[in-house]
Amino acid sequence: MAVALTGRSTGVPITEIPSPTGSEASLSTHQGQQDPLPSPQQPSRNRSRLRQSPSRLPLRTAFRNFSAPVEIIVGDDGDKSRLQTKYLVHKELLTAASPFFAAALDGAFAEGLDQSVKLPEEKSEMFEWFLQWLYTGSLTIAQDGAFSNTALSPPHPHPHHHLIPADHPYHAHYARAEADALARTDGDLRNHQGSPKYFLLIDLYALSDRLLTAQLSNHILTTLARLSESTNSVPTPSDTFILYDAIRDSSPLRTLVLDLFAYKKTDKLLETHKDEWHPLFLRALVVKLKRPGPEAVERHSLEAWRPESWSASKSCEGCKEILKPGISAEKCLGCEKAFCGGCLKRFGGVQGWSGSMDTSGCKPWVGRGLCWRYHEHLDGRACR
């Protein structure tokens, strides 16, 4: 059961009805900046598969060109909730990761001349999470002794794993072992009961969005999806207020959270939870359930199928009409849900992926569709 940690409720398990304590004010920060810094455009979605994007900054060789660090002043002493803290950070890392810092420190602004940037609206705890990612490429930290022996080490794939049939139990076993290894390194991303701190990830995403660090934003999306899947939980009502008050309307983070609620069994949770959900979140969820997007079909691995009789037929997952015997349709190799030809055309067809087995369990946030659906890339490169 999810509980409150430092006054904040954490992820809601779907398998039971949680009763978290009341949430305090959000850790999220205001979107406005008081400094005379430029406001580059938000990253645009690009689903190009022509190139692959590195998962983190190239630290191994970049350190050869590091110069003196710059000063980043976070917070405002006039606000007790955001006490001012100074950080010395390598300029090359900041400017390579963030167009915001690149414009400030490499331009003719006062920040560029002084090599100092003030972020009065941000909080030091969120900025320190940003620094952890900046210097390590990850939000997870290995606990003491976590990988001290082979039994606790992350799994190594079979040398010929690409030749193993996709429906072989090996793939499911490897996925579970990999998830268990990652869970041991989540650290402060979970509370003491193991529930994800969704509010922390949403707040950090808001900061990343303001700094235009697309790589960090994508990493947060991947981490949130993994935590939701491994714990079978979804964000709490208080998390939805952060999501709809502090995150931009076009953010893929909103899309991901809506997908989690739409494709997990959350109807009882939404009905019985004692706290209020954000009204805009509920409205968006109703619209999505009434008019599902292309992922309603794209999340499945379909093959040609034709029911031989009425007793062997199924109802179309899209329009809910019973498929007529002898009429060609499509059926998922994983969950065996069926779709009529009309719904497949309405959702844009299935060219390029029909008939290929995907062990992701028909979930749009798991497997190869994660980057295609949720990630944003400033350079137009897809994830590796």
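A residue is called buried here when its relative accessible area is under 20%, exposed when over 50%, and partly exposed in between (1.4 Å probe, protein chains only). By that rule Cys-371 is buried, at 11% relative accessibility. The model you are looking at is predicted, so local features are described only where pLDDT is at least 70 and side-chain atom pairs only at pLDDT 80 or more, while totals for chains, interfaces and linings use all residues. Numbering starts from 1 along each chain as its sequence is written, and side-chain values rest on heavy atoms, with hydrogens and water left out.

**Confidence**

- Mean pLDDT (the predictor's confidence in each residue, from 0 to 100) is 76 for the protein, and 64% of its residues reach 70 or more.
- Residues 15-51 stay under 50 in pLDDT, and the model gives this stretch 101 contacts beyond four places in sequence; a contact means heavy atoms within 4.5 Å.
- Residues 349-360 also have pLDDT below 50, with 28 contacts in the model beyond near neighbours in sequence.
- A friendly word of caution: where pLDDT is low, the predicted coordinates should not be read in detail.

**Overall make-up**

- The protein has 15 helices and twelve strands; these are DSSP runs numbered from the N terminus, with helices (H or I) of at least four residues and strands (E) of at least two.
- Of the 384 residues in the protein, 45% are buried.
- Its accessible surface is about 19600 Å², with 53% belonging to carbon and sulfur atoms; the areas come from the Shrake-Rupley method with a 1.4 Å probe, and for residues only the protein chains shown count as cover.
- Among contacts in the protein with a separation of 6 or more, 67% are between residues 24 or more positions apart.

- Three strands in the order E6-E5-E7 make an open sheet with mixed pairing; two strands pair if DSSP finds at least two bridges between them.
- Strand E6 (85-90) and strand E7 (116-119) are the edge strands, each pairing on one side only.
- From one strand to the next, the twist averages 25°; axes are lines fitted to C-alpha atoms, for helices over the stretch in contact, and angles run from 0 to 180 degrees between N-to-C directions.
- Strand E5 (residues 69-74) and E6 run antiparallel and are joined by six bridges, and Val-70 stands opposite Val-89 in E6.
- Helix H5 (residues 124-136) lies across E5, E6 and E7, and runs at about 15° to E6.

**The sheet E9-E10-E11**

- This open sheet has three strands in the order E9-E10-E11, and the pairing is antiparallel.
- Strand E9 (302-305) and strand E11 (338-339) are at the edges with a single partner strand each, so one side of each has no neighbour in the sheet.
- E9 and strand E10 (residues 329-332) run antiparallel and share four bridges; Leu-302 has Cys-332 in E10 as its bridge partner.
- As a reminder, strands of a sheet pair through backbone hydrogen bonds, either parallel or antiparallel.

**Cysteines**

- The structure holds zero disulfides, a disulfide being a pair of cysteine sulfur atoms within 2.5 Å.
- For Cys-316, the closest cysteine sulfur is in Cys-343, and at 3.5 Å it is too far for a bond.
- Cys-316 is buried, with a relative accessible area of 0%.

- Helix H9 (residues 237-246) is largely enclosed by the rest of the structure, because eight of its ten residues are buried.
- The buried residues of H9 include Pro-237, Asp-239, Ile-242, Leu-243 and Tyr-244.
- Helix H10 (residues 252-263) contains Tyr-263, which counts as partly exposed at 22% relative accessibility.
- Tyr-263 and Trp-365 are 102 residues apart along the chain, and their C-alpha atoms are separated by 10.0 Å.

- Gln-115 has phi near 55°, a positive value in a residue other than glycine. Gln-115 sits in the loop between helix H4 (110-114) and E7, and is partly exposed at 24% relative accessible area.
- Leu-212 has a positive phi of about 65° although it is not a glycine. Leu-212 lies in the loop between helix H7 (198-211) and helix H8 (214-231), and counts as buried at 4% relative accessibility.
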